[in-house]
Amino acid sequence: MRLHLIGMPGAGKTTLGRALATAYEVPFRDLDQEIVRREQRTIPDIFAQDGEEYFREREASVLRDLIAELPDLVLSTGGGTPCFHHNLEVLLESGLTLYLAVPVSELVRRLQRQAASRPLLAALPDAAALETRLAETLAARQQFYDRAPLCCAAPACSVEAVRQLVERYNAAV
């Protein structure tokens, strides 16, 4: 069982991923946390010291390492992971990919207090700017997210809802 969670920052990939890993009794990894562990520095530090392109290259490398290392896994990816370095193809070929669809208004509510710790959102002055940035980012990423064979829309995306989606998908394949 390998399940990859994709979606915007604040979609709940890490929270749901941990719960799904427990339910399926498989390891859980958060790709961003794994990058931090391997780099021995925070993501804002990586962006500040080496830039986004270095981060995206490292992200692609760590993604491939995790997939090679763990045949059973629930993986929470970063919001931009599927959009760079053919990562989406890697995700689609190596497991079942689930897109967590969350409206921009809900993402703003969830991220307002955390924006300063997220490199691509940190410089935004207020909630209106955050909403604009998230809407623009979602518009650019939607083409990648929509390729996931499974989609779970907030607020209905629970462990049980995902289990049912996975069961229906597996029965149809």
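Thr 14 is placed in helix α1, where helices (H or I, at least four residues) and strands (E, at least two) are DSSP runs numbered from the N terminus. The structure is a predicted model, in which local features need pLDDT of at least 70 and side-chain atom pairs count only at pLDDT 80 or more, while totals for chains, interfaces and linings use all residues. Residues are numbered from 1 along each chain as its sequence is written, and side-chain values use heavy atoms, with hydrogens and water left out.

The UniProt record (unreviewed entry) places a feature "binding site" at Thr 14; positions from this record are given in the numbering used here, feature names are shortened, and annotations may be inferred rather than shown by experiment. With neighbours within four places in sequence set aside, Thr 14 is in contact with Phe 28, Asp 30, Gln 33 and Ser 76, contact meaning heavy atoms within 4.5 Å.

The feature "binding site" is also placed by UniProt (unreviewed entry) at Asp 32, Arg 56, Gly 79 and Arg 141. Of these residues, Asp 32, Arg 56, Gly 79 and Arg 141 are included in the lining of the largest pocket. On a 1 Å grid over the protein atoms alone, a pocket is an open set of points where a 1.4 Å probe fits, with protein on both sides within 12 Å along at least five of seven lines, and lining residues have an atom within 4 Å of a point.

Gly 79 belongs to the loop between β3 (73-76) and α4 (87-94). Its relative accessibility is 10%, and Gly 79 therefore counts as buried; buried means under 20% relative accessible area, exposed over 50%, and partly exposed in between (1.4 Å probe, protein chains only). Apart from neighbours within four places in sequence, the contacts of Gly 79 are Gly 7, Pro 9, Lys 13, Arg 141 and Tyr 145.

Arg 56 is located in helix α3 (residues 43-69) and is buried, with a relative accessible area of 3%. Helix α3 also contains Glu 59, for which the relative accessible area is 0%, so that Glu 59 is buried. Residues up to four places away in sequence not being counted, Glu 59 touches Leu 31, Asp 32, Ile 35, Gly 78, Thr 81 and Asn 87. Tyr 54 likewise lies in helix α3, but is partly exposed, with a relative accessible area of 28%.

Helix α1 packs against helix α7 (residues 159-172) at an angle of about 65 degrees, with the axes 10 Å apart. Axes are lines fitted to C-alpha atoms, for helices over the stretch in contact, and angles run from 0 to 180 degrees between N-to-C directions. The crossing of α1 and α7 is right-handed, the near helix being turned clockwise from the far one by less than a right angle (anticlockwise for left-handed). Leu 16, Ala 19, Leu 20, Ala 23 and Tyr 24 of α1 make the contact with Val 159, Val 162, Arg 163 and Val 166 of α7. These residues divide into eight nonpolar, no polar and one charged, where Ala, Val, Leu, Ile, Met, Phe, Trp, Tyr, Cys and Pro count as nonpolar, Asp, Glu, Lys and Arg as charged, and the others, Gly among them, as polar.

Val 26 occupies the loop between α1 (13-24) and β2 (28-30) and counts as buried at 14% relative accessibility.
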